[in-house]
Amino acid sequence: MRTSYVTSDMLGLEHALSLFFAAISNFVVCCCFYNRFTLPDARLYKHMTTPLTTLRSTIRFSQTLYHTAAATTSMASVATIDLTVKGEFVRKPTAFHNKITADGSSGFKAEANRYHLYVCYACPFASRTLAVRKLKGLEKIISLNVVDWFLDEGGWKFNPNRDDVTTADTVNGSERLREVYLKADSCYAGAITVPVLWDKKTGTIVNNESAEIIRIFNCEFNEFCATPEQAALDLYPQPLQAEIDEFNSWIYPTINNGVYRCGFAKSQEPYNVAVHQVFESLDRVEEILSRKRYLCGNQLTEADIRLFVTLVRFDQVYHGHFKCNKKCLREYPNLWGYTRDIYQHRGIGETVNIEHIRNCYMASQLNINPFGIIPIGPDLDFEAPHGRENMK
């Protein structure tokens, strides 16, 4: 049996609980006042007011927790938070799975300037698509909008005034990404997630599953890549497909999604399971990378891109915020060098925005970080020499 972490409309409940907490608080104050002026024994007064004061503090703290939960409820509903009865995080599936093909046989033909990508730089899954779009030289072919890094109760929003990275919705004129989903399906009631691949010609969402979008970018737009070298680049080559799929089969649940299973766990048991899997898998990858430059040898593949987007965020947010603190990534010599290697590879670093990453997790996920305080560090040098270019 699974119970959702998200309730529907909490406005009435919030009002009722606010009145309840106020009434209890006033009752406690009255009790304290009565005790102070009618009890003859000061020692008895001390013994009675101490628990009453504690109760009042507890009530105030409960109010704080409640309002924090209420503020993050809608945020959770537009993300992918779902919990089992044991408090284990389970990611909801994506909903749009159409394909774009070079020949148009799928109903969506690869064409220049027809498709549009919605992303958030904070999201590792959206960052997969940014990295492959960059590597394949598709920036001028597939247009881009970037949502605000702050995820509030209304979900992802467009805020071109946030900084010089976030944008307005230049295709649909929406204020919220939710509106884009509803334009594709007026009855849509699922999770509002990034990335979103939009078809400007038919006015609908083609796909919102990052694992599928990166494969579309990898092979279906080769006619439009900026250079012949980028057209020839294959991140999912046929001889390595079985090996890539095998890596994806355990890296996704134990590392990519594993850090979320740690961070969103609501009880000790599922956290313990998830965090041990995270570090067992990191240890496993560390050993593999002691022998090979990339997961499949000397060739960068989609398996590396999928792993990288989690690794580049690990020390920034997952180590502390998601309680994956057994070790820092930079304590793994091969993983840390590997992360810098990929960051420096053909513009991938341009798809990483540490400020957006840190701000989004820390300021938006108030169920984990109730006061929304954004830490100052760590300062990591992803441009430092990695020394992996000579590995065989």
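A residue counts as buried when its relative accessible area is under 20%, as exposed when that value is over 50%, and as partly exposed in between (1.4 Å probe, protein chains only). The model on screen is predicted; local features need pLDDT of at least 70, side-chain atom pairs count only at pLDDT 80 or more, and totals for chains, interfaces and linings use all residues. Residues are numbered from 1 along each chain as its sequence is written, and side-chain values use heavy atoms, with hydrogens and water left out.

**Stop 1: Glu389**

Select Glu389, in the segment after α12. Helices (H or I, at least four residues) and strands (E, at least two) are DSSP runs, numbered from the N terminus. Glu389 has a relative accessible area of 46%, so it is partly exposed. Then show Asp341, which is 48 residues from Glu389 in sequence and 8.1 Å from Glu389 in space, C-alpha to C-alpha.

**Stop 2: helix α12**

Select residues 354–364, which form helix α12. Nine of these 11 residues are buried, so the helix is largely enclosed by the rest of the structure. Among the buried ones are His356, Arg358, Tyr361 and Ser364. At the start of α12, look for Asn353, where a side-chain oxygen comes within 3.2 Å of the backbone nitrogen of Glu355.

**Stop 3: helices α9 and α11**

Two packed helices are described by the angle between their axes and the distance between the axes. Select α9 (residues 268–289) and α11 (residues 333–343); their axes come within 8 Å and cross at roughly 75 degrees. Axes are lines fitted to C-alpha atoms, for helices over the stretch in contact, and angles run from 0 to 180 degrees between N-to-C directions. Angles under 35 degrees count as roughly parallel, over 145 as roughly antiparallel, 65 to 115 as roughly perpendicular and the rest as oblique. α9 and α11 are therefore roughly perpendicular to each other. In the contact (heavy atoms within 4.5 Å), α9 supplies Leu282, Val285, Glu286 and Leu289, and α11 supplies Pro333, Asn334, Leu335 and Tyr338.

**Stop 4: salt bridges**

A salt bridge is a side-chain nitrogen of Lys or Arg within 4 Å of a carboxyl oxygen of Asp or Glu. There are 15 of them in the structure. Select Arg215 and Glu302, which form a salt bridge with their closest N and O atoms 2.9 Å apart. This pair links distant parts of the chain, since Arg215 is in helix α5 (residues 210–219) and Glu302 in helix α10, 87 residues apart. Arg215 is partly exposed at 29% relative accessibility, whereas Glu302 is buried at 3%.

Next, select Asp152 and Arg176, whose side chains meet in a salt bridge (2.6 Å, N to O). Asp152 is buried at 9% relative accessibility, while Arg176 is partly exposed at 23%.

**Stop 5: Arg306**

Finish at Arg306 in helix α10 (residues 302–318). Leaving aside neighbours within four places in sequence, the contacts of Arg306 include Arg128, Asn248 and Tyr252.

Definitions and conventions: A polar contact is a pair of N or O atoms within 3.5 Å; within protein, one must be able to donate a hydrogen and the other to accept it, and residues adjacent in sequence count only if both atoms are side-chain atoms.
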